[in-house]
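Welcome! Take a moment to look over the sequence and the 3D view, and then we can walk through how the chains meet.

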Amino acid sequence: MTALAVFLWMLNMSMDTFGHLAFKAAAGHGLDLDAFSHWKHMARSPWLWAGVICYTGEFFVWAAFLSQVPLAAGVMLGSINIVVLMIAGRLVFKECLTAWRMAGMLLITAGVILVGLGV
Amino acid sequence: MKRFYLIGFLCLMASDTLAQICFKFAGTAAEPLAFDVDWVLRIATSPWSYGAMVGYLCSFVSWMTLLRYAPIGPAFAASHLELVTVTIFSVWLFHEPLTLSKMAGGLLIVLGVLCLAKGESVVGEEHGQDAAQGESRA
(Lines give C-alpha, C1' and ligand atoms only; values in the text may rest on other atoms or scores of the structure.)
Protein backbone atom coordinates (compact mmCIF):
# COMPACT_ATOMS: atom_id res chain seq x y z
CA MET A 1 0.00 0.00 0.00
CA THR A 2 1.31 3.46 -0.81
CA ALA A 3 1.64 6.16 1.85
CA LEU A 4 -1.20 8.02 0.12
CA ALA A 5 -3.51 4.99 0.38
CA VAL A 6 -2.67 4.58 4.08
CA PHE A 7 -3.36 8.29 4.66
CA LEU A 8 -6.75 8.07 2.92
CA TRP A 9 -7.58 4.89 4.83
CA MET A 10 -6.80 6.56 8.19
CA LEU A 11 -8.68 9.70 7.18
CA ASN A 12 -11.74 7.64 6.25
CA MET A 13 -11.50 5.76 9.54
CA SER A 14 -11.33 8.98 11.57
CA MET A 15 -14.20 10.62 9.71
CA ASP A 16 -16.39 7.52 9.91
CA THR A 17 -15.77 7.13 13.65
CA PHE A 18 -16.31 10.82 14.37
CA GLY A 19 -19.49 10.85 12.27
CA HIS A 20 -20.95 7.87 14.14
CA LEU A 21 -20.06 9.37 17.54
CA ALA A 22 -21.57 12.71 16.52
CA PHE A 23 -24.85 11.03 15.45
CA LYS A 24 -24.93 9.10 18.71
CA ALA A 25 -24.36 12.33 20.66
CA ALA A 26 -27.16 14.05 18.70
CA ALA A 27 -29.61 11.14 19.06
CA GLY A 28 -28.98 10.41 22.74
CA HIS A 29 -30.56 13.62 24.07
CA GLY A 30 -34.24 14.40 24.49
CA LEU A 31 -35.26 10.75 24.49
CA ASP A 32 -38.21 11.61 26.77
CA LEU A 33 -39.77 13.66 23.94
CA ASP A 34 -42.22 12.30 21.37
CA ALA A 35 -40.82 11.26 18.00
CA PHE A 36 -41.47 14.53 16.15
CA SER A 37 -40.07 16.70 18.96
CA HIS A 38 -37.07 14.40 19.18
CA TRP A 39 -36.37 15.01 15.47
CA LYS A 40 -36.72 18.77 15.97
CA HIS A 41 -34.41 18.55 18.95
CA MET A 42 -31.84 16.62 16.86
CA ALA A 43 -32.07 19.07 13.95
CA ARG A 44 -30.99 21.86 16.32
CA SER A 45 -28.05 19.84 17.63
CA PRO A 46 -24.67 20.91 16.21
CA TRP A 47 -23.60 17.27 16.57
CA LEU A 48 -26.08 16.17 13.92
CA TRP A 49 -24.69 18.68 11.41
CA ALA A 50 -21.10 17.83 12.32
CA GLY A 51 -22.00 14.22 11.52
CA VAL A 52 -23.63 15.14 8.21
CA ILE A 53 -20.59 17.19 7.13
CA CYS A 54 -18.30 14.36 8.15
CA TYR A 55 -20.23 11.78 6.14
CA THR A 56 -20.33 14.03 3.08
CA GLY A 57 -16.54 14.42 3.23
CA GLU A 58 -16.18 10.69 3.77
CA PHE A 59 -17.99 10.04 0.48
CA PHE A 60 -15.12 11.72 -1.39
CA VAL A 61 -12.38 10.24 0.77
CA TRP A 62 -13.76 6.72 0.19
CA ALA A 63 -13.85 7.24 -3.59
CA ALA A 64 -10.26 8.50 -3.44
CA PHE A 65 -9.18 5.54 -1.31
CA LEU A 66 -10.78 2.97 -3.63
CA SER A 67 -9.00 4.56 -6.62
CA GLN A 68 -5.71 3.68 -4.89
CA VAL A 69 -6.36 0.07 -3.79
CA PRO A 70 -8.16 -2.95 -5.28
CA LEU A 71 -11.91 -2.89 -4.49
CA ALA A 72 -12.11 -6.12 -2.45
CA ALA A 73 -9.06 -5.23 -0.36
CA GLY A 74 -10.39 -1.70 0.19
CA VAL A 75 -13.75 -2.92 1.47
CA MET A 76 -12.01 -5.46 3.73
CA LEU A 77 -9.62 -2.81 5.10
CA GLY A 78 -12.64 -0.60 5.76
CA SER A 79 -13.91 -3.23 8.23
CA ILE A 80 -11.43 -1.84 10.77
CA ASN A 81 -13.95 0.98 11.25
CA ILE A 82 -16.12 -1.45 13.24
CA VAL A 83 -13.29 -2.13 15.67
CA VAL A 84 -12.25 1.52 16.07
CA LEU A 85 -15.86 2.56 16.59
CA MET A 86 -16.34 -0.02 19.34
CA ILE A 87 -13.20 1.22 21.13
CA ALA A 88 -14.43 4.81 20.73
CA GLY A 89 -17.87 3.82 22.07
CA ARG A 90 -16.15 2.31 25.07
CA LEU A 91 -14.07 5.47 25.70
CA VAL A 92 -16.73 8.10 24.98
CA PHE A 93 -20.02 6.46 25.95
CA LYS A 94 -18.73 3.85 28.44
CA GLU A 95 -20.25 1.04 26.35
CA CYS A 96 -19.32 -2.40 27.61
CA LEU A 97 -17.02 -4.75 25.74
CA THR A 98 -18.31 -8.28 26.30
CA ALA A 99 -16.28 -11.42 25.58
CA TRP A 100 -18.09 -11.94 22.24
CA ARG A 101 -17.37 -8.34 21.23
CA MET A 102 -13.70 -8.67 22.19
CA ALA A 103 -13.40 -11.91 20.19
CA GLY A 104 -15.07 -10.26 17.19
CA MET A 105 -12.79 -7.23 17.38
CA LEU A 106 -9.67 -9.42 17.58
CA LEU A 107 -10.73 -11.56 14.60
CA ILE A 108 -11.56 -8.51 12.47
CA THR A 109 -8.25 -6.84 13.37
CA ALA A 110 -6.32 -10.01 12.52
CA GLY A 111 -8.17 -10.26 9.20
CA VAL A 112 -7.48 -6.61 8.32
CA ILE A 113 -3.76 -7.03 9.12
CA LEU A 114 -3.63 -10.12 6.90
CA VAL A 115 -5.36 -8.32 4.00
CA GLY A 116 -3.24 -5.19 4.55
CA LEU A 117 0.00 -7.14 4.32
CA GLY A 118 -1.06 -8.58 0.98
CA VAL A 119 -1.95 -5.24 -0.66
CA MET B 1 -41.51 -14.13 7.71
CA LYS B 2 -38.60 -16.27 6.46
CA ARG B 3 -39.14 -15.02 2.93
CA PHE B 4 -39.23 -11.42 4.24
CA TYR B 5 -35.82 -11.85 5.90
CA LEU B 6 -34.34 -13.47 2.83
CA ILE B 7 -35.56 -10.75 0.46
CA GLY B 8 -34.51 -8.06 2.96
CA PHE B 9 -30.98 -9.44 3.33
CA LEU B 10 -30.61 -9.88 -0.42
CA CYS B 11 -31.74 -6.26 -1.02
CA LEU B 12 -29.30 -5.03 1.61
CA MET B 13 -26.41 -7.01 0.20
CA ALA B 14 -27.20 -6.08 -3.40
CA SER B 15 -27.45 -2.35 -2.66
CA ASP B 16 -24.25 -2.29 -0.58
CA THR B 17 -22.43 -4.18 -3.31
CA LEU B 18 -23.77 -1.81 -5.97
CA ALA B 19 -22.60 1.19 -3.93
CA GLN B 20 -19.05 -0.16 -3.55
CA ILE B 21 -18.74 -1.07 -7.23
CA CYS B 22 -19.94 2.42 -8.19
CA PHE B 23 -17.42 3.98 -5.78
CA LYS B 24 -14.62 2.05 -7.42
CA PHE B 25 -15.74 3.15 -10.90
CA ALA B 26 -16.15 6.77 -9.71
CA GLY B 27 -12.70 6.84 -8.14
CA THR B 28 -11.04 5.26 -11.16
CA ALA B 29 -12.83 7.54 -13.63
CA ALA B 30 -11.80 10.66 -11.68
CA GLU B 31 -8.10 9.82 -11.80
CA PRO B 32 -5.53 11.28 -11.51
CA LEU B 33 -6.22 11.76 -7.82
CA ALA B 34 -5.42 15.31 -6.69
CA PHE B 35 -6.37 17.33 -3.65
CA ASP B 36 -8.03 20.11 -5.61
CA VAL B 37 -11.43 21.45 -6.62
CA ASP B 38 -11.18 19.82 -10.06
CA TRP B 39 -10.94 16.34 -8.59
CA VAL B 40 -13.84 16.97 -6.18
CA LEU B 41 -15.92 18.21 -9.13
CA ARG B 42 -14.99 15.16 -11.20
CA ILE B 43 -16.30 12.93 -8.40
CA ALA B 44 -19.38 15.08 -7.73
CA THR B 45 -20.40 15.10 -11.40
CA SER B 46 -19.60 11.46 -12.14
CA PRO B 47 -22.67 9.33 -12.93
CA TRP B 48 -21.01 6.58 -10.85
CA SER B 49 -21.25 8.80 -7.76
CA TYR B 50 -25.01 8.92 -8.24
CA GLY B 51 -25.02 5.15 -8.57
CA ALA B 52 -23.21 4.97 -5.23
CA MET B 53 -25.78 7.33 -3.69
CA VAL B 54 -28.66 5.23 -5.02
CA GLY B 55 -26.94 2.14 -3.61
CA TYR B 56 -26.56 3.78 -0.20
CA LEU B 57 -30.16 5.00 -0.25
CA CYS B 58 -31.52 1.52 -1.09
CA SER B 59 -29.22 0.02 1.54
CA PHE B 60 -30.55 2.49 4.14
CA VAL B 61 -34.18 1.71 3.30
CA SER B 62 -33.60 -2.08 3.35
CA TRP B 63 -31.68 -1.81 6.62
CA MET B 64 -34.38 0.24 8.35
CA THR B 65 -37.15 -2.04 7.03
CA LEU B 66 -35.24 -5.11 8.14
CA LEU B 67 -34.58 -3.66 11.59
CA ARG B 68 -38.30 -3.26 12.24
CA TYR B 69 -38.63 -7.03 12.43
CA ALA B 70 -35.21 -8.69 12.50
CA PRO B 71 -33.14 -9.01 15.68
CA ILE B 72 -30.13 -6.68 15.59
CA GLY B 73 -27.41 -9.37 15.90
CA PRO B 74 -28.07 -11.39 12.74
CA ALA B 75 -29.11 -8.22 10.89
CA PHE B 76 -25.78 -6.59 11.76
CA ALA B 77 -23.87 -9.64 10.52
CA ALA B 78 -25.84 -9.75 7.29
CA SER B 79 -25.20 -6.06 6.72
CA HIS B 80 -21.45 -6.72 6.62
CA LEU B 81 -21.53 -9.81 4.42
CA GLU B 82 -21.36 -7.63 1.31
CA LEU B 83 -17.64 -8.24 1.73
CA VAL B 84 -18.18 -11.63 0.12
CA THR B 85 -20.26 -10.39 -2.82
CA VAL B 86 -17.96 -7.40 -3.40
CA THR B 87 -15.00 -9.79 -3.60
CA ILE B 88 -16.80 -11.98 -6.15
CA PHE B 89 -17.67 -8.94 -8.29
CA SER B 90 -14.13 -7.52 -7.96
CA VAL B 91 -12.76 -10.67 -9.59
CA TRP B 92 -15.34 -10.55 -12.35
CA LEU B 93 -15.45 -6.78 -13.11
CA PHE B 94 -11.96 -5.58 -12.20
CA HIS B 95 -9.99 -8.81 -12.68
CA GLU B 96 -8.57 -8.55 -9.18
CA PRO B 97 -6.62 -11.68 -8.19
CA LEU B 98 -8.06 -13.82 -5.39
CA THR B 99 -4.94 -14.02 -3.25
CA LEU B 100 -4.54 -16.27 -0.22
CA SER B 101 -4.11 -13.27 2.13
CA LYS B 102 -7.34 -11.77 0.84
CA MET B 103 -9.31 -15.00 1.28
CA ALA B 104 -7.88 -15.80 4.73
CA GLY B 105 -8.21 -12.18 5.90
CA GLY B 106 -11.75 -11.93 4.56
CA LEU B 107 -12.68 -15.17 6.33
CA LEU B 108 -11.32 -13.84 9.66
CA ILE B 109 -13.26 -10.58 9.22
CA VAL B 110 -16.50 -12.49 8.49
CA LEU B 111 -15.90 -14.72 11.55
CA GLY B 112 -15.30 -11.60 13.63
CA VAL B 113 -18.54 -10.01 12.40
CA LEU B 114 -20.38 -13.25 13.26
CA CYS B 115 -18.93 -13.06 16.81
CA LEU B 116 -20.14 -9.47 17.16
CA ALA B 117 -23.58 -10.53 15.92
CA LYS B 118 -23.62 -13.39 18.45
CA GLY B 119 -22.60 -10.89 21.14
CA GLU B 120 -25.50 -8.57 20.28
CA SER B 121 -27.97 -11.49 20.40
CA VAL B 122 -26.71 -12.35 23.90
CA VAL B 123 -26.98 -8.72 25.09
CA GLY B 124 -30.41 -8.46 23.48
CA GLU B 125 -31.70 -11.51 25.37
CA GLU B 126 -30.45 -10.07 28.64
CA HIS B 127 -32.45 -6.92 27.98
CA GLY B 128 -35.46 -8.89 26.80
CA GLN B 129 -35.19 -7.55 23.26
CA ASP B 130 -34.89 -10.87 21.49
CA ALA B 131 -36.37 -11.92 18.20
CA ALA B 132 -39.69 -12.92 19.77
CA GLN B 133 -40.30 -9.41 21.02
CA GLY B 134 -39.23 -7.96 17.70
CA GLU B 135 -41.75 -10.13 15.95
CA SER B 136 -44.56 -9.40 18.37
CA ARG B 137 -44.25 -5.72 17.44
CA ALA B 138 -44.69 -6.67 13.82
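This is a predicted model. Across the interface of chain A and chain B there is 1 salt bridge. The side chains that form this salt bridge belong to A:Arg101 and B:Glu120, with 2.8 Å from N to O. Between the two chains, 6 residue pairs are in polar contact.

Which helix gives the most to the side of chain A that touches chain B? That is H6(A), with 13 residues. Helices H1, H3, H4, H5 and H6 of chain A each supply at least two residues to this side.

| Helix of chain A | Residues |
|---|---|
| H1 | 3-27 |
| H3 | 46-68 |
| H4 | 71-78 |
| H5 | 80-93 |
| H6 | 99-118 |

What kinds of residues make up the side of chain A that touches chain B? They divide into 26 nonpolar, 7 polar and 1 charged.

Now for the extent of the contact. Chain A brings 34 residues to it, and chain B brings 41 residues. About 3,200 Å² is buried between chain A and chain B, and carbon and sulfur atoms give 81% of that area. Three residues, A:Phe59, A:Leu71 and A:Trp100, supply 22% of the area that chain A buries against chain B, more than any other three residues.

Finally, a word on confidence. Chain A has an average pLDDT of 93, and 100% of the residues score at least 70. Among the elements of chain A, H4(A) has the highest mean pLDDT, 96, while helix H2 (residues 35-43) has the lowest, 85.

Notes:
Residues are numbered from 1 along each chain as its sequence is written. Chains are lettered from A and ligands numbered from 1 in the order in which they are written. This is a predicted model: local features need pLDDT of at least 70, side-chain atom pairs count only at pLDDT 80 or more; totals for chains, interfaces and linings use all residues. Side-chain values use heavy atoms; hydrogens and water are left out. Contact means heavy atoms within 4.5 Å. Buried area is the accessible area (1.4 Å probe) that two parts lose on being put together, summed over both. A salt bridge is a side-chain nitrogen of Lys or Arg within 4 Å of a carboxyl oxygen of Asp or Glu. A polar contact is a pair of N or O atoms within 3.5 Å; within protein, one must be able to donate a hydrogen and the other to accept it, and residues adjacent in sequence count only if both atoms are side-chain atoms. Helices (H or I, at least four residues) and strands (E, at least two) are DSSP runs, numbered from the N terminus. Ala, Val, Leu, Ile, Met, Phe, Trp, Tyr, Cys and Pro count as nonpolar, Asp, Glu, Lys and Arg as charged, and the others, Gly among them, as polar. pLDDT is the predictor's confidence in each residue, from 0 to 100.
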